[in-house]
Amino acid sequence: MSIFLPIVLNWLLAYGYPVIWFAIFIASAGFPIPSALVLLAAGAFAQAGDFNIFLLAVLALSASVCGDSTGYFIGRRWGTKVIDWLETSKWNRFISPRAIERGRARFKKQAAWAVFLTRFLFPALGGVVNLIAGADPYPYRYFLPCDISGEILSAVIPLSLGYAFGASWEAVGDVLGSFSIFALALLAATFLTLYLIRTARRSRVEKLDTMKEPAIVQFKKTGTMPPDNPAQRSGELPLS
Amino acid sequence: MNTRVKFVILGVLLCVALGAAIFAAITTVQAIQQFRQQHQLTTSGDVSTIRPWMTIHYIALTYHVPENYLYQSLHITNPQQVRHATLRVLADRANQPVDDVIHEVQKAILTYRKQNPQTGMPIHTGQLNGAPRAPGRENP
């Protein structure tokens, strides 16, 4: 549990809605405040009549969209320069320019899903994805609809669960947290399995191509002659 | 990169991801079980589920005890000033450990239930503060 949570909860009760807005805003911008837990608690307090649940939902949505947009524009302002530097700098020996280029191309393809899913399913990655989306740069007109639709879920799910289960919101938070890690690990395992299968297929195709290549081409490529294969021989005259 | 090395790295990463997925799945199931237990205890009015983030107003509503009765038992003379204060804040103001304040509230609720059995809530002894609390919970 975050060390900031008790402080945020005390402020939440003392100062009300502005604290909710501010907490969600800075959490969405990348500060490590567990916004889902804040919303769960707010939902529980709304059940006790301390807050209006609909107003909370509107505030949470506006704050998170503003925070995400702030992260996006920070990425756009400074992140692009960082990526350009990584691509061109001779000091960067850890990530090759080709890998960065491939990563950028892949992110462009999957950005909408990345933005949408990191709002409510993998909230821990939300701040980073905002920065990358801005740095890439992924067009803001595409970023915003994905962000809003994801943030609607990220506001409605914890608020309604907090409202429904009241004093048990901490236990609900534990369930959501572990489920998020489970989903992330499952996604990583699925991606790696697919990647492994694709690599195996590609390797097999390359091997077959190598077998079909004439010996002289292979010799030029690898510097070694292939083993003698009777199936590949042609034009041999039978010795009589 | 050599194909064999690539396969080995991918295989190791896949094993790590699968291990993490299995571990997270087990943790999720445990969290669901703990949530069910916790929710059951809360709805049955067990005082061991009182937490430091709760306000007196919240406790009064959840455990069906008059708010003023709780203020009196905590020797709070100006309830309006502390209506939005959590038990943690009350403890800080009184220079007391939060567990002591929770313990006082638990005792007050149990005493009230003994005195007023018609309130509908069972006289749950639960587990007073100091004894093991509801499963898996720690003070936030």
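Select V38(A) to begin: beyond its neighbours within four places in sequence, V38(A) is in contact with V8(A), I20(A), A23(A), I24(A) and I33(A). Here two residues are in contact if their C-beta atoms, placed from the backbone, lie within 7 Å. You are looking at a predicted model, in which local features need pLDDT of at least 70, side-chain atom pairs count only at pLDDT 80 or more, and totals for chains, interfaces and linings use all residues. Residues are numbered from 1 along each chain as its sequence is written, while chains are lettered from A and ligands numbered from 1 in the order in which they are written.

A residue is buried if 20 or more other C-beta atoms lie within 10 Å of its own, exposed if 12 or fewer, and partly exposed in between, with C-beta atoms placed from the backbone.

**Helices α2 and α3 of chain A**

Now show helix α2 (residues 17-28) of chain A beside α3(A): their axes come within 9 Å and cross at roughly 160°. The axes are lines fitted to C-alpha atoms, for helices over the stretch in contact, and angles run from 0 to 180 degrees between N-to-C directions. α2(A) and α3(A) are therefore roughly antiparallel to each other; angles over 145 degrees count as roughly antiparallel, under 35 as roughly parallel, 65 to 115 as roughly perpendicular and the rest as oblique. Their crossing is left-handed, that is, the near helix is turned anticlockwise from the far one by less than a right angle, whereas clockwise is right-handed.

For the contact itself, pick I20(A), A23(A), I24(A), A27(A) and S28(A) in α2(A), which meet S35(A), V38(A) and A42(A) in α3(A). This contact of α2(A) with α3(A) divides into six nonpolar residues, two polar and no charged. Ala, Val, Leu, Ile, Met, Phe, Trp, Tyr, Cys and Pro count as nonpolar, Asp, Glu, Lys and Arg as charged, and the others, Gly among them, as polar.

**Helices α5 and α7 of chain A**

Next, select helix α5 (residues 97-120) and helix α7 (residues 140-165) of chain A, which pack at an angle of about 20° with their axes 7 Å apart. α5(A) and α7(A) are therefore roughly parallel to each other, and their crossing is right-handed. On α5(A), the contact residues include A112(A), V115(A) and F116(A); on α7(A), they include Y142(A), F143(A) and I157(A). The residues of this contact of α5(A) with α7(A) comprise nine nonpolar, three polar and three charged.

The peptide bond from D136(A) to P137(A) is cis, with omega near -15°.

**Where chain A touches chain B**

Zoom out to both chains: 32 residues of chain A are in contact with 33 residues of chain B. On the chain A side, α1 (5-15) and α8 (169-212) each supply at least two residues, and α8(A) gives the most, with 19 residues. That side of chain A divides into 23 nonpolar residues, seven polar and two charged.

**Over to chain B**

Chain B has five helices and zero strands, both being DSSP runs numbered from the N terminus (helices are H or I, at least four residues; strands are E, at least two). Buried residues make up 33% of its 140 residues.

Select H75(B), in the loop between α3 (67-73) and α4 (87-93) of chain B. Its phi is near 60°, a positive value in a residue other than glycine. H75(B) is exposed, with 8 other C-beta atoms within 10 Å. Then move to N95(B), in the loop between α4 and α5 (98-115) of chain B. Phi of N95(B) is near 55°, also positive in a residue other than glycine, and N95(B) is exposed, with 6 other C-beta atoms within 10 Å.

For a last stop, select G19(B), in helix α1 (residues 3-43) of chain B. G19(B) counts as exposed, with 12 C-beta neighbours inside 10 Å. Draw a C-alpha to C-alpha distance from G19(B) to N78(B): they are 59 residues apart in sequence and 55 Å apart in space.
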